[in-house]
Amino acid sequence: MPAPGELTFVSPRGAKKPPRHLADLSPAERREAVAGLGEKPFRAKQLSQHYFARYADDPAQWTDIPAAARDRLAADLLPDLMSVVRHISCDDDNTRKTLWRLFDGTLVESVLMRYPDRVTMCISSQAGCGMNCPFCATGQAGLTRNLSTAEIVHQIVAGMRSLRDGEFGAASAEADGGPARLSNIVFMGMGEPLANYNRVVGAIRRLTDPQPDGLGLSQRGITVSTVGLVPAMLRFADEGFKCRLAVSLHAPDDELRDTLVPVNTRWKVREVLDAAWHYAEVSGRRVSIEYALIKDINDQAWRADLLGRLLKGHRAHVNLIPLNPTPGSKWTASRPEDERAFVRALEAHGVPVTVRDTRGQEIDGACGQLAAAER
Ligand code: SAH
């Protein structure tokens, strides 16, 4: 059965599907696939070890598998999924954005961000996005297609490999002795993750299954960000993950939110927040309320107060994001004094609030900007 939200988005007729890959499959399905190729089922574990524990997708490195079997297994289970169009770095090399080209020419982005205490990777779950939020670069181009589970997972495998091999963040790691291991994943790149429900859930399993079945990342380090697809949020709560849920609210009132996050015409602020509190209850995790501050649009004192009243007493944390204007946008980030007043109003209600640091602005770091520039 299609997941909620998936029904609305039909792939263009005749579009080819991404090739099947080890990372699309559960451990049991991998054994079946390997057996189907006439190989011993234990080769599935060996392949998983190479891919999920060593990030080695080049068959030449699989020395524990006979050469003849390697090519057959590689062709069937580890096809090339994507190639790097370019990397762009900034923030003293502590932020690196990668533009990927997928098998069918589709472009997607991922971003690695190194902080003193952690490394976060921002990944895409769809090529484009069907949610049409007017301030978001990805929203402007519409949805091209869903990414496969393996296309989602491979962005992270590539990121982990870059970190391990010192291609990213090595200079700072040496300077401050901090970790250079990936600890946090945010589904805040291109796409609406809950509109590609089954593949995103599959990706979370691959990311968090212990090695070598998966990458062995902690569920607590994963954040799934949604516009507020209520039925999918409720279903996601039932998965039993300890992931963090982020809700892109951007307005506390339906009148404005209908325009900033058009899916609000379907699921209202009240319903979205109720679904968020349900997730918080089931997962035991505070929900992150994302709020892009847009000058004179959603940054008024009365809206801050209304937001504070809606969130008060709930397991929530507000993440204010200074708007990163997309090219040609009539909107801009809030004045510093309005931003400070907004923070104070939320704090007056006892609501925890942080202002997100805006990494990567000079590399078109905002959602979808790099791919838009390429097109
Ligand atoms: N579709 C999901 C995840 C992708 S966007 C979602 O909407 O939550 C990740 C976050 O970046 C969302 O909160 C989104 O609203 C925000 N965002 C998008 N474009 C932005 C921009 N130009 N400036 C600031 N935040 C932006």
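A crossing of two helices is called right-handed if the near helix is turned clockwise from the far one by less than a right angle. In the predicted model, this description applies to helix α7, which passes α8 in a right-handed crossing. The contact between them involves Tyr-197, Asn-198, Val-201 and Ile-204 on the α7 side, and Ala-232, Arg-235 and Phe-236 on the α8 side. By residue class, this contact consists of five nonpolar residues, one polar and one charged. The axes of α7 and helix α8 (residues 230-238) are 12 Å apart and form an angle of about 30°. Because angles under 35 degrees count as roughly parallel, α7 and α8 are roughly parallel to each other.

Helix α7 (residues 197-208) also packs with helix α5 (residues 149-164), at an angle of about 40° and with the axes 8 Å apart. That angle makes α5 oblique to α7. The crossing of α5 and α7 is likewise right-handed. From α5, the residues Thr-149, Ile-152, Val-153 and Ile-156 meet Asn-198, Arg-199, Val-200, Gly-202, Ala-203, Arg-206 and Leu-207 of α7. Six of the residues in the contact of α5 with α7 are nonpolar, three are polar and two are charged.

The ligand is surrounded by 18 residues, of which Gly-191, Ser-225, Ser-248, His-250 and Asn-324 are the closest. For His-250, a polar side-chain atom lies 2.6 Å from an oxygen atom of the ligand.

Terms used
Residues numbered from 1 in each chain as written. Predicted model: local features only at pLDDT ≥ 70, side-chain atom pairs only at ≥ 80, totals over all residues. Heavy atoms only, no water. Axes fitted to C-alpha atoms, helices over the stretch in contact; angles between N-to-C directions. Helix = DSSP H or I, 4+ residues; strand = E, 2+ residues; numbered from the N terminus. Parallel < 35°, antiparallel > 145°, perpendicular 65-115°, else oblique. Contact = heavy atoms within 4.5 Å. Nonpolar A, V, L, I, M, F, W, Y, C, P; charged D, E, K, R; others polar. Near = heavy atom within 4 Å. Polar contact = N/O pair within 3.5 Å; in protein donor to acceptor, adjacent residues only side chain to side chain.
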